[in-house]
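Work through the exercises below with the sequence and coordinates at hand. Each task is followed by a stepwise solution.

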Amino acid sequence: MPRVPRPPAPLAALLGATLVLALAWAIVVPPFQAPDENSHFGYVQNLAERGKLPGDKRRPVFSTEQTRLSRLANSDQTAANRGNRPTWSEAVWRTAQADRSLSRTDGGGLNPARTNPPLYYALAVAPYRAVHGSSMWSRLFAGRLVSVLLLLVTVAATWALIGEVVVRRPVLQLVGAGVVALQPMEMFISASLTPDSLLFATWALAFWLAARILRRGLSARDAIALGLATAAGILTKSTTYALVPGVLLAALLAARRMRGSASRREILRPLAAGAAALAAPVLGWLAYAHFAGRAAINQVGATDAHAHVSLRYFGNYLWNFYLPRPGFIRPFSFDSAYPAYQDWIKEAFAQFGWLETTMPGWVYAAITVALAVAFLGAVGVLVRRRRTGARDGAFLAFAATVVLALLAGLHWTDFRTHVELGQNFIQGRYLLPLLPFLGLAAAGAATAVRPERRSLVAGVTLGLAAVLQLGCLAVVVTRFYA
Amino acid sequence: MRRPWLAVLVIPFVGVAALLTRAGTERTSLAFTTGVHPQIVAAQLGPGRSLCQGPIDVPASFDRVALALGRPAGGGPPLAVTVRGDGPSVHGSIAGGYRGAQVHLTARVPRVRTGRRVSVCLRNRGRVSVAVLGGADAAAPLSHAESSGTPLGTDIVLDFRRSRPPTLLEQAGTIVRRATLFHPGFVQPLTLWILLALVVAGAPALLAMAVGRAGHERDR
């Protein structure tokens, strides 16, 4: 049996701290008070109890058990409503505990999460079944534990990514992986029952594997692993289609680097193996979805056939999203005066519950400053490395392709949703799969500091991130229980 | 700095001290709420008419009942507020003369203790009608508004408050008890206190260990 390598001691300690904090989030956040968690639980329950995906329009959306107990817990009314609270009555809680005979098998209707592919939900079925005789709250918590474990995968993959791209120095890897591990929104989402947790893990693994083939050359093993990680992401959430152009580019760049040192066959074989590992599961899912009459990709349902969708108007949307609007630029109907700040800073870093639980304004300002330091520092280091002949271009091209593809997909969908449905689509958490790049930037920026001071940088960074975690937990506890 | 891992302990320690200071001074007058927002006119309460909202479990004692009323033109009528249920009824009132499309008013009542199941009833003691604001029936899923035994299909806005609000720190035990409800069976007050200790001390200690070991770990 192959020996499983022990993680380096600093990574093990970081994972331990991450586990403690993530468990705290998983326990403290009331049931169904994370975005769409009720839908995700309904999906898991239907899969576990009936062995079927949801989407049968003749059936209720959720089971009697979920509907009745959510009502007793006041979950739906508390969601996104800061003036409301979960039920605090012990008498109602005792009533809810006594109701063990409610049907779990009569859900499976038009669940809002039904268009998601099934991989994450299939993973969550095992813990659900393991505590099948327990209360619904225990089964929900068991599902949350799956997400918590996936967060550890994300953190470990970020550690490996930094080791591959920047340098294998534990202090720098700790700075970058620590930023990812302790990012409040990432932890809050990863402590709930949601496919996003698997999405984060698969993207982080794909980033690491892409960096690996770019640095070490294309091997069949790495190519297959990269293909499988990408396929797993696609089978988790359609968002991962945005990862495909970057992965293909990384594979082609790695193959190009092998020209001259390897035969054509030695190059084509891993490429084909990786492509097959990516394509087979995805095509299998698409074929199943087609024959089962299911949507394989979420689609914007147009209600206004005459909606004005044009590239020019899209440009107008982008300007209004990111930049201040001079008088000659046509306004766009965003909910916020500063959509980029609202979505990419506030919502992406610290807005909890169903986004109604916020931190004081100065916290977001401080986060913005920290981000600016990390990214500007990383750019400075990149420029310096370029002068010394470092070859970062291929990985930068990969990263840029991934970032731009995700942003393009999100913005185009958001634009169409605004124009055709008059609604907002983008949420800050949609950017979280890119978080390992922030870890990379933080680690890169830390290389600008003299080696003997890097431990201090790591200490201060992790200390501040821990304080942010504690503050966010305190705000969440106060919002739901005080 | 010779011991950089100290930063990971000192910074969270300062953060926890700041949070405790805040929790020791911040007070919240809200005892609990039915969570209904003033979105619609839940009932037009004519002179002499009454309505009740219930049943309402009392998870924390209160001595104020807050309502949302609408009286766009002219002064609003005085209202009698009665809290009744499994125990002695208590009474309060709202003086007339208020104006505005949406007015939030509070009636003082004798203290109602934790653990009771009550209804809150309003009676119009004036000569003009008043709009009692609230939401659709699902707004408070466990209680309903009714008039003379007839369900109104709505819920009225009701917040229950305390005249002497405790600090968050004073409420720590209550907060912990509330956090055990609608959770798995192992989530008991003791579990949560242990978890708190792990979060406040254990996680920073592990992070400090990570920094300490990273400083000594050889590059690989």
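**Exercise 1.** Determine whether A:Ile213 is buried or exposed.

Solution. A residue is buried if 20 or more other C-beta atoms lie within 10 Å of its own, exposed if 12 or fewer, and partly exposed in between, with C-beta atoms placed from the backbone. A:Ile213 has 27 C-beta neighbours inside 10 Å, and therefore counts as buried.

The model is predicted: local features need pLDDT of at least 70, side-chain atom pairs count only at pLDDT 80 or more, and totals for chains, interfaces and linings use all residues. Residues are numbered from 1 along each chain as its sequence is written, while chains are lettered from A and ligands numbered from 1 in the order in which they are written.

**Exercise 2.** Describe the side of chain A that touches chain B.

Solution. Start with the count: 59 residues of chain A are in contact with 50 residues of chain B. Next, find the main contributor: α19(A) gives the most, with 17 residues. Finally, sort that side of chain A by class: 38 residues are nonpolar (Ala, Val, Leu, Ile, Met, Phe, Trp, Tyr, Cys and Pro), 5 are charged (Asp, Glu, Lys and Arg) and 16 are polar (the others, Gly among them).

Technical notes:
Contact = placed C-beta atoms within 7 Å. Helix = DSSP H or I, 4+ residues; strand = E, 2+ residues; numbered from the N terminus.
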